[in-house]
Amino acid sequence: MKIKETSYIQMISSQRITIEGITYTPDELNKLYAFAETHTDNPAYKEVADFLQEWFNEKEYIEVQTSGSTGVPKQLQVRKDQMINSAVMTCSFLKMKKGKIYCYVCLYNTLEPK
């Protein structure tokens, strides 16, 4: 199932995410930032909030950075509708059903060499 390119902004504006039992919509990111401020022991909460703030904005793309494993890391613009289509196709291939929990998303910006 592929989404229409023109409908992804409507889809994104109606999305929500539940983290540790609390559901957030694009208009409620301030709650997620407040949650992150009270859980400073885990910087992932702020990183997720920062990602979602960019995801929920009006731009057609999100900026990502390559790992730099083959050279200097580069900034790329990836269209949001392409990311959604990729996720839909992955869920379809893996026969994932709506409402089931299959995995946790892991976001990590950088890996520091030790």
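This is a predicted model: local features need pLDDT of at least 70, side-chain atom pairs count only at pLDDT 80 or more; totals for chains, interfaces and linings use all residues.
1. Let's start with the aromatic side chains. A search through the whole structure turns up two aromatic pairs. In one of them, the ring centres of Phe 35 and Tyr 45 are 4.9 Å apart with planes at 90 degrees, so this pair counts as edge-to-face. The pair joins distant parts of the chain, with Phe 35 in helix 2 and Tyr 45 in helix 3 (residues 44-55), 10 residues apart. Phe 35 is buried, with a relative accessibility of 13%, and Tyr 45 is buried too, at 12%.

2. The other pair is Phe 51 with Trp 55: their ring centres lie 6.1 Å apart and their planes are at 20 degrees, so the pair is stacked. Both residues belong to helix 3, and because they are four residues apart there, about one helical turn separates them. Phe 51 is partly exposed at 28% relative accessibility, whereas Trp 55 is buried at 9%.

3. You will find Thr 25 in the loop between strand 2 (22-24) and helix 2 (29-38). Its relative accessibility is 18%, so Thr 25 counts as buried. Setting aside residues up to four places away in sequence, Thr 25 touches Gln 15, Arg 16 and Phe 56.

4. Finally, Lys 31 sits in helix 2 and is partly exposed, with 38% relative accessibility. Beyond its neighbours within four places in sequence, Lys 31 contacts Thr 23 and Tyr 24.

Methods: Residues are numbered from 1 along each chain as its sequence is written. Side-chain values use heavy atoms; hydrogens and water are left out. Helices (H or I, at least four residues) and strands (E, at least two) are DSSP runs, numbered from the N terminus. Buried means under 20% relative accessible area, exposed over 50%, partly exposed in between (1.4 Å probe, protein chains only). Contact means heavy atoms within 4.5 Å. Rings of Phe, Tyr and Trp (its six-membered ring) pair if their centres lie within 6.5 Å; planes under 30 degrees apart count as stacked, over 60 as edge-to-face and the rest as tilted.
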